[in-house]
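Subject: Structure handover, with notes on what was found

Dear colleague,

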Amino acid sequence: TMRNYSRVRCYRVNMGLGWRLLARPVISRLDSEKSHDLALGTLSKFDKSNFGKSVLSRMYKSPELPIHTLGRLFHHPLGLAAGMDKGARALSAWPALGFSWIEYGGITRYPQDGNPKPRMFRANSERALVNSMGFNNPGSSSLRDSLVDRKSSGNWPNVPIAANIGRSKKVDNEQAPKDYSHTLDTLWGHADMFVLNVSSPNTPGLRDLQNEDLLRNVLRECTKVREKYNSNKPLLLKLSPDNDDELISEMTDISIKYGIDGIVATNTTISRPEPKNTQSRIAFSQSGGVSGKPLHKRSLEVISNIYNHTQGKITIVGVGGIDSPDSAWKSIQAGASLIQLYSGLVFKGPGVTSSIVRGLKSRVKEYGFSGITEAVGNAHK
């Protein structure tokens, strides 16, 4: 009814104001990793409460904008990127914030503490994050056990779940194929699809796995796991934005040859924008990968190049600098069937999800499309 619509709209407005006036100023004074842990800890409490999740959903639910890709139906294209919930602590709460799919991880075979702290920094003026986390995570076996408990308690989300898999730091690249496949095997029953991360800048030597021979070996071992289970679960490859276009095309061709179903474009970048102030200068002087708004231009280029190179025959997930209906729409028109955000949530708060999906729905109507699927790659037509 009109009254209920007005009430929900009022909730959203008030929560948006609350974020800008109260939560964001408090969080901005905390160390970036501490603020992340605080937010995740709070959300994990909602995760355990059906009432709590219903409250969040009432405030942040996104409209329907369905798209069918990777053999699955997504309520809309926007998902949560890897890195936000490495250990799947709040897995069932994220859909209540309006996300249509969730990617947990990165997860490695062995537990890892990650790189020394501090290792996460904000550049507020550029709406960018710099992180050198280094795949800090509980390890695949421990995470599997917690996911088994989650399923047995009936607290499993009703949206597609992706697992992001990386190489263990103590494993060299020659042993990487077995390392990836072991983690994939361990988590096979606890995700609907898997993202193979060979492009993080924060594990020494990891990006060398984008070399043709090493990449072939990783993909070969991982597809063997899928064959073992006689399954059609999608495997995706996450690429670096710092590769040149020729290498990205070569990696895409190799991926298709080995049955990879999608490309995630892109991971964080080691390039740096020109800082606008002292805070940004300090952030950009740190080692690690940059995410957020400065990454969007290159992400769009990579999406477009892959779409053109494959003539739209492989699913592309657009990630990097998506924080508004405009940036999301550009990624979809460039060729992304699905999109993800991380930094946008940090800088704009939880209302950003439904805001983006509502904006996409408006653009679909404005362009006269029958659905969002018609918009995918439309910039090339």
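Before the first residue, one cut-off is needed: a residue counts as buried under 20% relative accessible area, as exposed over 50%, and as partly exposed in between. Arg127, with a relative accessible area of 26%, is therefore partly exposed. Please also keep in mind throughout that this is a predicted model.

Backbone features

Arg127 is found in the loop between S5 and strand S6 (128-131), and although Arg127 is not a glycine, its phi is positive, at about 50 degrees. Gln311 is another residue other than glycine with a positive phi, in this case near 55 degrees, and its place is in the loop between H9 and strand S12 (315-319). With a relative accessibility of 61%, Gln311 counts as exposed. As background, most residues other than glycine have a negative phi, and most peptide bonds are trans.

Helix packing

Two packed helices are described by the angle between their axes and the distance between the axes. For helix H7 (residues 245-257) and helix H9 (residues 296-310), the axes come within 10 Å and cross at roughly 50 degrees, which means that H7 is oblique to H9. H7 passes H9 in a right-handed crossing, and the residues that meet there include Ile248 and Thr252 in H7, and Val302 and Ile306 in H9. By class, this contact of H7 with H9 has four nonpolar, five polar and three charged residues.

H6 and H7 pack at an angle of about 30 degrees, with their axes 10 Å apart, so H6 is roughly parallel to H7. Here too the crossing, of H6 past H7, is right-handed. Glu212, Leu215, Arg216 and Leu219 in H6 meet Met251, Ile254, Ser255 and Lys257 in H7, and the residues of this contact divide into four nonpolar, one polar and three charged.

In soluble globular proteins, nonpolar side chains tend to be buried together. The largest nonpolar core in this model has 97 residues, and those with the most contacts inside it are Trp94, Tyr104, Tyr180, Phe194, Leu237 and Ile306. Helix H6 (residues 212-228) gives the most to this core, with six residues. Apart from it lies another core, of seven residues, among them Ala123, Ala128, Ala283 and Val290. As for Ile306, if residues up to four places away in sequence are not counted, it touches Leu239, Ile248, Thr252, Ile263, Ala265, Ile314 and Ile316.

A residue in the segment after H12

Finally, Ile372 lies in the segment after helix H12 (352-367), and at 1% relative accessibility Ile372 counts as buried. Leaving aside neighbours within four places in sequence, Ile372 is in contact with Leu65, Pro66, Ile67, Pro77, Trp329, Ile332 and Val364. The C-alpha atoms of Ile372 and His76 are separated by 8.4 Å, while the two residues are 296 residues apart along the chain.

With kind regards

Definitions and conventions. Residues numbered from 1 in each chain as written. Predicted model: local features only at pLDDT ≥ 70, side-chain atom pairs only at ≥ 80, totals over all residues. Heavy atoms only, no water. Axes fitted to C-alpha atoms, helices over the stretch in contact; angles between N-to-C directions. Helix = DSSP H or I, 4+ residues; strand = E, 2+ residues; numbered from the N terminus. Parallel < 35°, antiparallel > 145°, perpendicular 65-115°, else oblique. Left-handed = near helix turned anticlockwise from the far one by under 90°. Contact = heavy atoms within 4.5 Å. Nonpolar A, V, L, I, M, F, W, Y, C, P; charged D, E, K, R; others polar. Core = buried A, V, L, I, M, F, W, Y, C linked by side-chain atoms within 4.5 Å. Buried < 20%, exposed > 50% of the residue type's maximum accessible area, 1.4 Å probe, protein only.
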